[in-house]
Amino acid sequence: MEERRRIGAYGILRDDRGRVLLARGSAACPYPGVWQLPGGGLAHAEHPAAAVVREFAEETGLTVEVDGIRAAVADVAVFREAGVALHTDRLVFDVVTRGGALRPEPAGGSDGLGWFTPDEAGLLPLMPFTAELLGLPVTPLSADLPRALPPAQAGPPPTDSRQRFAAYGLVTDPADRVLLTMIADGYPGAGKWHLPGGGTDHGEQPAAGLLRELVEEAGQLGRVVELLAVDNLHNPAALGPEGRPLDWHGVRVIYRVRVDAPTEAVVTELAGGSTARAAWFAPEQVGALPMTDVAALATGRRSR
């Protein structure tokens with residue numbers, strides 16, 4: 001079974017009665033007749049917040065504005081006829097409407113739209129991630145349900161472009177020290193201090209991937225407190241394996257993480273060589289450090 005990945009952006013939009021807008025999958029989508037939060041896959045280099053605005057316009061006719069990041073979840077769907085296990089990282093935003101007229105997109109992703117209370121939504125066939133986000137019991141989709149790979153996943157990705165999903169943490173301890181990791185020689189950003197974290201594995205939830213990386217890179221046991229932000233990185237001239245040029249698109253979620261019983265920060269061999277060292281820093285020390293852009297964003301400092 002071939003393992004593939006994709007990233008999607010979705011929105012929770014409520015009306016003045018507290019009902020949520022859901023879209024029913026059309027015959028052209030992977031799960032016809034199943035309801036979900038409006039949204040869909042990211043285009044290469046597209047920021048997730050821009051993707052959810054675009055998807056709402058296409059699927060619902062509404063112009064929306066992102067009002068914050070709500071959740072980051074992941075799931076795996078098996079498409080047996082294609083021989084593909086597709087892992088989807090789903091970023092869910094709160095959105096508010098700014099105009100437009102509600103209408104479905106039968107030739108695209110949705111052939112029906114509706115406003116539903118939680119009780120009403122619970123009577124519909126729902127995508128599992130949508131049920132989870134609405135606080136409803138999660139029921140796996142029937143194995144007999146017709147399904148087809150999303151159009152962008154019908155073939156293998158181009159060899160000269162990559163899209164990567166990663167989870168990082170703004171990690172602190174009871175003394176408000178900040179945990180940072182230094183990028184090793186031979187990797188982009190070598191010598192700079194970075195947030196603990198990294199790419200998630202196929203089938204792995206974002207928060208779980210971050211806590212795994214925290215153990216591997218710094219030997220710490222942490223707990224996720226909240227989702228802070230989503231960061232987008234596009235480098236069309238990155239250097240890939242064996243020095244080959246690569247069009248790189250990275251999507252990174254940033255969590256606030258607490259280590260209640262900190263220990264000396266020690267890099268383990270499981271870190272894969274990309275982390276040279278790890279250390280705890282007092283808040284007043286952080287501003288003088290050479291940091292990556294994402295570390296500077298999370299700590300409120302400027303990168304150096």
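**Aromatic pairs and a sheet**

Modeller: Please note that this is a predicted model. In it, Trp35 is buried, and Phe116 is buried as well.

Biologist: How many aromatic pairs does the structure hold?

Modeller: The structure holds four aromatic pairs.

Biologist: Which strands do Trp35 and Phe116 lie in?

Modeller: Trp35 is in strand E3 (residues 35-36) and Phe116 is in strand E7 (residues 110-116), so the pair ties together parts that are 81 residues apart in sequence.

Biologist: And why is the pair of Trp193 and Phe281 edge-to-face?

Modeller: The ring centres of Trp193 and Phe281 are 4.9 Å apart and the planes stand at 80°; an angle over 60 degrees counts as edge-to-face. Trp193 belongs to strand E10 (residues 193-194) and Phe281 to strand E14 (residues 275-281), so this pair ties together parts that are 88 residues apart in sequence.

Biologist: Are those two buried or exposed?

Modeller: Trp193 has a relative accessible area of 4% and is buried. Phe281, at 10% relative accessibility, also counts as buried, because the limit is under 20%.

Biologist: Changing topic, what is the strand order in the open sheet of three strands?

Modeller: The order is E3-E2-E7, and the pairing is antiparallel. E3 and E7 are at the edges with a single partner strand each, so one side of each has no neighbour in the sheet.

Biologist: How many bridges link E2 and E7?

Modeller: Strand E2 (residues 20-25) pairs with E7 over six bridges, in the antiparallel sense. Leu21 stands opposite Trp115 in E7.

Notes
Residues are numbered from 1 along each chain as its sequence is written. This is a predicted model: local features need pLDDT of at least 70, side-chain atom pairs count only at pLDDT 80 or more; totals for chains, interfaces and linings use all residues. Side-chain values use heavy atoms; hydrogens and water are left out. Rings of Phe, Tyr and Trp (its six-membered ring) pair if their centres lie within 6.5 Å; planes under 30 degrees apart count as stacked, over 60 as edge-to-face and the rest as tilted. Helices (H or I, at least four residues) and strands (E, at least two) are DSSP runs, numbered from the N terminus. Buried means under 20% relative accessible area, exposed over 50%, partly exposed in between (1.4 Å probe, protein chains only). Two strands pair if DSSP finds at least two bridges between them.
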